[in-house]
Amino acid sequence: MNILVAVPVPALDLLAYRVPDGMSPPAVGARVVVPLGARTVTGIVVERDVVSEEIAEADIKPIRQVLDEEAFLPADVVALARWTAEYYAAGPGNTIMAVLPPKTRGDRADSYKTVRVAAITAAGLALVDVGPSRLGPYTGRLTEKQRDALDILAGAPAGVPTAQLTARGIGADTVSRLVRNGLASVRQERVDRDPFDAFPFAATMAEADRRLTIEQEAALTRLRAMADSRRFGVALVHGVTGSGKTELYIRLSAAVRASGRGVLMLVPEIALTPAIASLFRQAFGDQVAIQHSGLSDGERHDQWQRIRRGEIDVVVGTRSAVFAPLADIGLIIVDEEHDGSYKQEESPRYNGRDVAIVRGQRTSALLVLGSATPSMESYHNAMSGRYERVVLERRVLDRPLAAVTVVDMREEYAAEGPDAVLSRALKDAVAARIQRKEQALVLLNRRGFATAVFCRQCAGTLECPNCSVSLVVHGDGHARRAKCHYCNYSARVPAACPHCAGPYLEQSGFGTERVEAEVKRACPSARVARLDRDAIRRKGALGSLLSRFRDGAIDVLVGTQMIAKGHDFPRVTLVGVVSADVGLGMADFRASERTFQLLTQVAGRAGRGDQPGEAIIQTLYPEHYSIQLACRQDYPAFYERELQFRRAMRYPPLVSIINTIVRSRTFAGAMDDAADLVQRLRTESDRAGFRVLGPAPAPLGRLRGEYRAQFLLKGVNRKAMREALMAAVAARPDLQRRVVVDVDPVSVL
Ligand code: ADP
Ligand code: ZN
């Protein structure tokens, strides 16, 4: 028999192998060791009984070894991976790599964690009365600690981890004395690493507050009915920030779990939505597994194995968890479904939300997409009736949404000078929070201290030698460095201009580091910290920053969009947005959508406790619709306005697009090769009903030393577009490694 195998090697197609006579054919999803050129690799069986016409039977190599008697990857996950590879034009090699857990090549001892477990011996038990845990007549020989220890151990015949004894005041010497006297024993035991151990947050909801609001109740009833039908369906839960969506997800999950089916909960970034994981843990105990890339390989491995063994019925994870080997899924929740983090920006360039929908369809599950600011695509589907729409219009406990004020920075510059970073209104509002012992968030979606260095003599700027962007200044004073945010190039800020040698270099523009400094200057008594990618490089830094803020050890948290995501800090009563229009200047069709989402989400962080919230939004374009409508938190109006633009420009959700980037060492090379592909596509496009736009230099024209040309396919028939594109690329095998194909791109930069 011949089989098709996916091997975890980039850009390789499925490979055919022969099952040697006498070897029983492996199951779909089993791991097999196969020869590949001069080496051997471990792959996954994707299909059995393959009839190959193209390759002569004699050329098909035999598999070497079958590692699993049954499927290692469940067959439905294999099928899902295959769908993903095809839909996103990614190739099975890359895709199977994304689906496999780390460290599957063997269950090496060092990929497990062990703990010391103490247990009582027969002699120890003899000392303990059969009565309700009282010690027998010989207690005189034992210290009080030893007696306590025996008491605890007698209640747990399987043993108790010594760490738990320590936590209850019974130290290592007490235990070792018991062991020496033959009353207890200690063994080393394998445990699954528990990523929840590292979570700094306890769940926040008080028991007494658990009565659902009328809206939550109504939503739960509708969603339960959909889940109970055991038919595929998608519900868009459009609930304003603070409307209690998380509580709704937990109740719904509990119901589905009680009906005997599994639950998959996807979140954009677990580290940034810590409450979710711990609330699920609180509700479902150790029946919850967690899957995300922030875990160590060992932790991920353990959790993945537990899911595969069927010990788990609730999985919380980031986008790759959509491939979790969970059986019989009845509910998939995609929280913050609009979030760009669901899109993987390397091959396979899949969107976890969309793969989730396909998985739900195949397992007849209910799909819940939740957001306060749904993506244009999802809302469009809800409006056209393809999705059920479930609306939560009010915050729990009738807390008001934040009152929003817009500050026109053009007026501010006129009054305060062109260097103003913080408006007077924002400074006053921060100071008032410090005085009232409340907290504030200040958002600027741009890292660094200054965004450019330019020469006053020749007007040149400091550019990255590898990329077509200007270098960003990080740090102040002596620690200043100029860095590229794309390739990590880093250099000292020179004293003289590298173009004209003039000594008049100046910094312009500002990022989060500068805002942090300005807040400290405006409010010297405030405890200010910064949360952005630079500030959380060290492992554990993010958790400790968030918990210090939660505990009130920080008054003002300055940061990028990271501070806008999902957090629930009850003492935050002010949110300031320094340059609301940062994203609007981008040459991306989602610029307005992203700005609207970010502003609405960040404003939603204020006033989640007893005190009402306020948001102050600084902008140079106060009349722009995404800023105006975010201030009014009017999602439907934004959707209608944005849809007009998308319709006029022919962009999603009205058409599908595929973005293609061709890389080359020279500018002309990139443009010529892109033009050649476009030429081939044009002959197809009329017949297949799509348009080709380009080629043109990509907005990021040079990246890591390579030039980039770009073209877009737009049309309603995604399949025809993809097939035409794949045919064009196949005709130019020399380009295969230099072409990046992005189906349903989240960003076209
Ligand atoms: P969302 O995800 O919609 O922004 P959350 O689920 O974070 O909202 O809920 C906001 C806050 O309201 C949380 O602190 C949560 O514990 C609380 N909450 C949720 N449901 C209720 C309820 N029915 N009664 C009281 N408090 C609730
Ligand atoms: Zn660079």
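**Exercise 1.** How many aromatic pairs does the count come to?

*Solution.* This is a predicted model, in which local features need pLDDT of at least 70 and side-chain atom pairs count only at pLDDT 80 or more, whereas totals for chains, interfaces and linings use all residues. Residues are numbered from 1 along each chain as its sequence is written, chains are lettered from A and ligands numbered from 1 in the order in which they are written, and side-chain values use heavy atoms, leaving out hydrogens and water. Rings of Phe, Tyr and Trp (its six-membered ring) pair if their centres lie within 6.5 Å; planes under 30 degrees apart count as stacked, over 60 as edge-to-face and the rest as tilted. By this rule there are 14 aromatic pairs.

**Exercise 2.** Classify the pair Phe-549 and Phe-569, and locate both rings.

*Solution.* Step 1: the ring centres are 4.9 Å apart and the planes stand at 85°, so the pair is edge-to-face.
Step 1: Phe-549 belongs to helix H16 (residues 541-550) and Phe-569 to the loop between strand S24 (556-559) and strand S25 (572-577), so the pair ties together parts that are 20 residues apart in sequence. Helices (H or I, at least four residues) and strands (E, at least two) are DSSP runs, numbered from the N terminus.
Step 2: Phe-549, at 0% relative accessibility, counts as buried, and Phe-569, at 4%, counts as buried. Buried means under 20% relative accessible area, exposed over 50%, and partly exposed in between (1.4 Å probe, protein chains only).

**Exercise 3.** Which residue has its charged end over the ring of Tyr-625?

*Solution.* Step 1: a charge sits over a ring if NZ of Lys or CZ of Arg is within 6 Å of the ring centre and within 35 degrees of the ring normal.
Step 1: the residue is Arg-641, 4.0 Å from the ring centre.
Step 2: Tyr-625 also belongs to one aromatic cluster with Tyr-379, Phe-596, Tyr-635, Phe-638 and Tyr-639.
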